[in-house]
Each structure stands twice: as structure tokens, then as C-alpha cells.
Amino acid sequence: MFVLSMSMAAAACSSPTTPGVSIVAAKPASPSSASSFSYYSQPVTLVVMTGVATGGATPTSTVEVAADAAFTTLVTTQTMPTGATGQVTLTLDHLSPATTYYWRVKTAAGNSPGLYSSQASFTIGPLLVIQAPVPVQPLADTFPHRRPTFTVANATRTGPPPSITYRFDVATDAAFNIVVATQTVPEAAMQTSFTPTTDLTSGTTYYWRAQASDTAKNVTGPYSSAQAFTTVFPEDGSSRYTLAIQAPSYCLTHSIHTGYGTFWGAGWTISHFTFAGTLTVRSDALQFAPDSSLPDQPSSLLGFGRTRNQLAGSILGTQSYPLVGGAPFFNGVIFKGVVGGNSDNRGQFEGTFDGTATLDREGMPNFSVDTCSTSGFTWTLSPR
């Protein structure tokens with residue numbers, strides 16, 4: 001509650017402008033001077049202790065609200081009769097954010113010009129401004145599994161303390177016309193995440209984005225930048241695949257040959273090999289095993305790990321194969337090497353390996369062995 005200065009109170013009691021009428025000025029009662037209000041808690045209500053007049057005059061109270069202390073920019077002026085309780089209230093229209101307002105009350109009665117109270121002030125706080133959250137994972141051109149966790153760095157904001165939630169959208173198109181998963185979650189410390197409750201489709205390209213909002217204040221920030229990603233394929237399980245291996249032309253002229261007896265097809269006679277088999281996936285560890293191997297020999301095996309779309313592993317084993325000049329009981333190819341490559345995450349794999357390939361033909365009393373050791377063997381794995 002505001003108190004009149006001694007000089008003003010004296011004037012109110014001793015300076016009537018009409019014979020027999022004296023005035024005690026009204027004064028601001030609430031809010032207290034220098035109060036602050038959130039922009040979103042409006043409207044502001046002013047409470048006035050009404051003035052008093054003698055000599056049978058009825059006082060009126062005129063409230064003035066201005067955007068400056070000199071009251072040159074008035075926002076509202078409203079005259080109110082004396083309240084029965086000695087107080088009157090005035091509810092203001094919505095005021096501008098980040099602004100200090102000043103208000104005072106003028107009391108008049110009869111023909112008096114009126115007396116002003118001391119002035120008071122209050123401040124309307126700033127608007128809440130929310131920026132776009134920043135994607136953390138999965139980022140563009142990454143390859144998560146069917147149920148990725150979407151994470152953003154929390155949106156920066158200015159203004160009053162917010163209560164923020166994040167809406168995550170996942171769509172099959174860049175325009176987000178076909179949204180396949182959406183969820184609104186409360187803000188967590190530093191970063192906020194969302195994990196779908198159902199699987200996405202393997203080997204499919206999706207787009208995702210997030211948006212921060214304070215629904216209580218009806219404030220929504222812009223969307224994050226959209227991120228495209230492709231879910232890996234195949235997922236865990238077993239699938240029928242074909243492995244194709246191509247030896248470099250180097251082997252045609254640089255293979256090492258050993259053998260004895262009467263045999264056919266001496267030297268490097270074939271450079272392209274294909275095998276039907278099963279690809280087994282456990283998370284990001286993949287192994288391909290051909291359908292058949294030679295008796296008492298380790299089966300050919302292509303094994304690699306998948307990190308995003310990069311592959312690394314090895315090839316090792318002995319596999320039966322219809323070689324030229326084959327022998328009665330042993331006709332196969334032996335692979336051994338270090339594998340590298342990549343995946344398109346839609347089921348196709350390709351790469352190279354550095355190592356050896358050996359063409360082995362045996363049949364009593366003959367045998368023929370041709371070995372090529374070099375880099376640049378290429379391979380592909382394709383769904384059948």
C-alpha cells in the first residue's frame with residue numbers, strides 16, 4: 001500500500017478549490033510498487049484506495065497508466081466512482097512484454113481540479129522464445145536398427161521459466177506427410193529422447209524431427225532440422241543369400257602351381273565363384289556359410305561386423321566347386337583373407353579381401369594345386 005507524502009497530504013486537507021470542499025487523495029494499494037508479472041499471467045488488476053471529500057461532494061478516482069514515468073504515453077485512463085468498501089479495482093487489458101508501466105490516481109470532487117497520488121510502477125516480463133532443438137541421434141546418413149532412440153539437445157530459450165515438452169515425428173517422406181510414429185515427451189536434463197514402442201521397417205529410409213513447446217504459455221519453437229536415416233537390413237535372423245567372389249586378373253599369370261601324375265586343367269583356370277548359402281545376423285555380427293563343404297574340411301565362411309554401413313572381417317574355409325579338370329574325390333577352392341566393405345543397408349553387401357585363393361583337385365594318383373596370393377579379391381552378398 002502506498003502512502004502519500006506529507007506535503008501532498010497537507011495539500012489535500014488545506015487547499016479546497018470550492019468553499020466547503022476538501023479532498024484526501026486516493027492512492028494505489030496493489031500491486032506494490034516495482035512488482036513484476038509474467039507476460040503470461042496477465043491480466044493485471046490494480047487496486048485503489050479511494051479518496052475522501054468533505055462538504056457533501058462525491059469524490060471520483062481516475063486511474064492513469066503510462067509507459068513512461070512522465071505520463072506522456074498514456075496506456076489507459078479510467079474514472080471510477082467511490083467503492084462502498086473504500087476500494088475499487090481496475091483490470092487492465094493485456095500489456096506489452098518486457099515493459100515497465102507507471103500508474104497513479106487522480107481524485108476530484110465538485111469543481112476541484114483534483115489531486116494526484118504518488119506514482120507506482122510494475123513490470124511486465126519478456127516473451128518466452130524457444131529455439132529449435134538440435135538433433136543428436138540418429139543423424140543424417142546413419143543406419144540404426146528397427147527401434148532407434150531419437151535424441152535432441154534441449155532447445156535454448158529466453159524469457160520466463162518454461163515447462164517444455166518435445167514432440168518427435170518420424171515419417172517416410174521428407175515433407176512429413178506420412179508420419180508413422182509420433183510422441184510428445186517432457187524435457188529431460190540436457191538432452192531429451194524418444195524411443196518408439198513398435199519397430200520400424202528394416203531397410204527403409206525415414207525422416208525425423210523434433211519441436212519444443214510450452215503448452216501452458218502457448219509458445220512453440222521451430223522444428224529441428226530434419227534428419228534422414230535408413231534402418232539396417234537384414235535384421236537378426238537367417239536369410240538365403242548368394243556369395244560371389246571375383247579373383248583379380250593378376251591370378252591368371254601369377255598363380256603358383258604344384259602337382260603330379262596325369263591331370264587336367266593345370267594352372268589358374270577360373271576366376272569367378274558363386275555360392276548359395278545362409279547369412280546369419282546377430283545384431284551387427286554377420287556370417288555367411290555355403291550350403292555344402294568338402295568332407296573333413298572347414299566350411300567356407302565369410303564373417304564380418306557391421307558398423308553403420310562399414311564392414312570388416314575375414315573369409316576362411318574350403319568349399320567344393322566344379323573346377324575344370326576336376327578329380328574323383330576332391331574338387332574345391334580354399335579362401336583365406338581379411339575382408340572390408342560396405343552395406344547399402346537394404347540387404348546388399350560388397351567389398352574386397354586381401355589374401356589367398358587355392359584351386360585344389362585331387363584324385364588318385366593325381367593332384368593339382370594352384371594358389372594365388374594377392375590383394376584385390378572382390379565379393380558381393382545378394383539376397384536370393
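Trainee: By the rule for salt bridges, what does the count come to?

Mentor: A salt bridge is a side-chain nitrogen of Lys or Arg within 4 Å of a carboxyl oxygen of Asp or Glu. This is a predicted model, in which local features need pLDDT of at least 70 and side-chain atom pairs count only at pLDDT 80 or more, while totals for chains, interfaces and linings use all residues. Side-chain values use heavy atoms, with hydrogens and water left out, and residues are numbered from 1 along each chain as its sequence is written. By this rule the number of salt bridges is 10.

Trainee: Arg146 forms a salt bridge with which residue?

Mentor: The closest N and O atoms of the pair are 3.8 Å apart, and the partner of Arg146 is Glu235.

Trainee: How many residues apart in sequence are the parts that Arg146 and Glu235 tie together?

Mentor: Strands (E, at least two residues) are DSSP runs, numbered from the N terminus. Arg146 lies in the loop between β13 (134–137) and β14 (150–153), and Glu235 in the loop between β21 (227–230) and β22 (237–246), so the parts tied together are 89 residues apart in sequence.

Trainee: Is Glu235 buried or exposed?

Mentor: Buried means under 20% relative accessible area, exposed over 50%, and partly exposed in between, with a 1.4 Å probe and protein chains only. Arg146 has a relative accessible area of 29% and is partly exposed. Glu235 has a relative accessibility of 10%, so Glu235 counts as buried.

Trainee: Where do Arg240 and Asp291 lie?

Mentor: The side chains of Arg240 and Asp291 meet in a salt bridge of 2.9 Å, N to O. The pair ties together parts that are 51 residues apart in sequence, because Arg240 lies in strand β22 and Asp291 in the loop between β25 (285–290) and β26 (301–307).

Trainee: Which residues do salt bridges that share partners join into one network?

Mentor: Arg240 is partly exposed at 37% relative accessibility, and Asp291 is partly exposed at 48%. Salt bridges that share partners join into one network the residues Arg167, Asp169 and Arg209.

Trainee: Which residue forms a salt bridge with Asp169, the closest N and O atoms being 2.9 Å apart?

Mentor: Asp169 is buried, with a relative accessible area of 1%. Its salt-bridge partner, with the closest N and O atoms 2.9 Å apart, is Arg167.

Trainee: Which residues does Asn345 touch, not counting residues up to four places away in sequence?

Mentor: Asn345 is placed in the loop between β28 (330–343) and β29 (349–363), and at 0% relative accessibility Asn345 counts as buried. Contact means heavy atoms within 4.5 Å. Not counting residues up to four places away in sequence, Asn345 touches Phe143, Gly203, Thr230, Thr231, Val232, Phe233, Arg306, Arg308 and Asn309.

Technical notes:
Helices (H or I, at least four residues) and strands (E, at least two) are DSSP runs, numbered from the N terminus.
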